[in-house]
Every structure is written in C-alpha cells, then in structure tokens.
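This report describes how parts of a protein chain are arranged. Look at the sequence and the structure first, then read on.

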Amino acid sequence: SAFILVSPEAGAGEPASGACSAEFLEFHGQAEARDPKAVETLHRAARCAEAAGQPEVARRADALLVERYPDAAQARPIFAAQARGHVTAARFQQGAEAMETFAARYPDDAQTVDLLLEASRLRRDLGDARRAAADLDRAEAILARAAAPRAAEVFWSRRERLPAAYADDAS
C-alpha cells in the first residue's frame, strides 16, 4: 500500500511511491513526535527516496524533518543544503534569509560563518548594504570568539565587499 505524504507543501493525498521511502514514512507517521526513532526514520525515508530517484519526495521529507525536528543532528546539514539550494535555483532573497535563519538557530555550527558570509554577499548583490553589513558583523563576532585571524580577514574585507558604505572614508 502506498503511503500518503502530507506536508504543508505537498498536495493533499499525493502518493509517495517507492517501497523503501514509503515504509520509513509510514513508520514515521505512526511514531510519537518525541520518539528518537521518528527523526531517523524520516531521515532514512529522504535518503531512500533520493536513491530511488524521487527527489521531490526526498525534498519534502527533508523539509518535514527540519520543520518538526530543528534540533536534531540531521537537521543542520539538511537546512544548510536547503539554504544553498535556494541560491542554486536563483531564489537569492530566500537563500539569504535561510542562511541567516541557520546562523541564528545554529550559531556554533561549523558552517555558520560561511553561510553568513554568503548571505552578506547575496544581500550586497540584492542592494541591501545594511543587512549585508549586519551579516558580516555576526560572522565577525563568531570568529572573534573562535578564530581571530579569520575575524581579521572579515573585518578588512568590508571595504572590498561594501565599498559604497566606506566611500566617505576615501576623502
């Protein structure tokens, strides 16, 4: 029997084909939200769907995992990949927002600084120098605590990244 995948983005009653992902999704649907197996089964459902050539089912399962279990270890790399996916699909505003949300949710993650720097570049390219600078500030603050030489790189790159903001300094 086919499992019906229901998520905010899925159409009601849209079947998820593929035995492996369907079994994991069915188990997940029966599990309690606090059951530690619920996260793992949803993660496995997404990986099975990917392997079965069902990227849309995998994307929905991943989105559900990030939405329902944001503190799960599996959520971090999925969320970061989703943020980068927005950029790949030329959804730059959404990409920057997702990267900033990732940084707020996971300030100590190894990917946070790189995502903030990318968000800053996107904001600059979108013409939002104020938010670009704010992203640089956040990246610099994180690095100041953990990696002072890289924090200095970010600090000194400001004039290059946001030249309009420093135009008055040149006179």
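## Terms and model

Angles between axes under 35 degrees count as roughly parallel, over 145 as roughly antiparallel, 65 to 115 as roughly perpendicular and the rest as oblique. The axes are lines fitted to C-alpha atoms, for helices over the stretch in contact, and the angles run from 0 to 180 degrees between N-to-C directions.

The model is predicted: local features need pLDDT of at least 70, side-chain atom pairs count only at pLDDT 80 or more, and totals for chains, interfaces and linings use all residues. Residues are numbered from 1 along each chain as its sequence is written, and side-chain values use heavy atoms, with hydrogens and water left out.

## Overall layout

The protein has eight helices and two strands. Helices (H or I, at least four residues) and strands (E, at least two) are DSSP runs, numbered from the N terminus. Starting at the N terminus, the order of elements is β-β-α-α-α-α-α-α-α-α.

Of the 171 residues in the protein, 40% are buried. Buried means under 20% relative accessible area, exposed over 50%, and partly exposed in between (1.4 Å probe, protein chains only). A contact means heavy atoms within 4.5 Å. Among contacts between residues at least 6 apart in sequence, 45% join residues at least 24 apart.

## Helices H6 and H7

Helix H6 covers residues 112-125 and helix H7 covers residues 129-146; their axes come within 8 Å and cross at roughly 165 degrees. H6 and H7 are therefore roughly antiparallel to each other. Their crossing is left-handed, a term used if the near helix is turned anticlockwise from the far one by less than a right angle (right-handed if clockwise).

Residues of H6 including Leu-116, Leu-117 and Arg-123 meet residues of H7, among them Asp-135, Leu-136 and Ile-142. By class, this contact has nine nonpolar, two polar and five charged residues. Ala, Val, Leu, Ile, Met, Phe, Trp, Tyr, Cys and Pro count as nonpolar, Asp, Glu, Lys and Arg as charged, and the others, Gly among them, as polar.

## Helices H2 and H3

The axes of H2 (residues 36-51) and H3 (residues 55-68) come within 8 Å and cross at roughly 160 degrees. That makes H2 roughly antiparallel to H3. The crossing of H2 and H3 is left-handed. On the H2 side the contact includes Val-39, Leu-42 and His-43, and on the H3 side it includes Val-57, Ala-61 and Asp-62.
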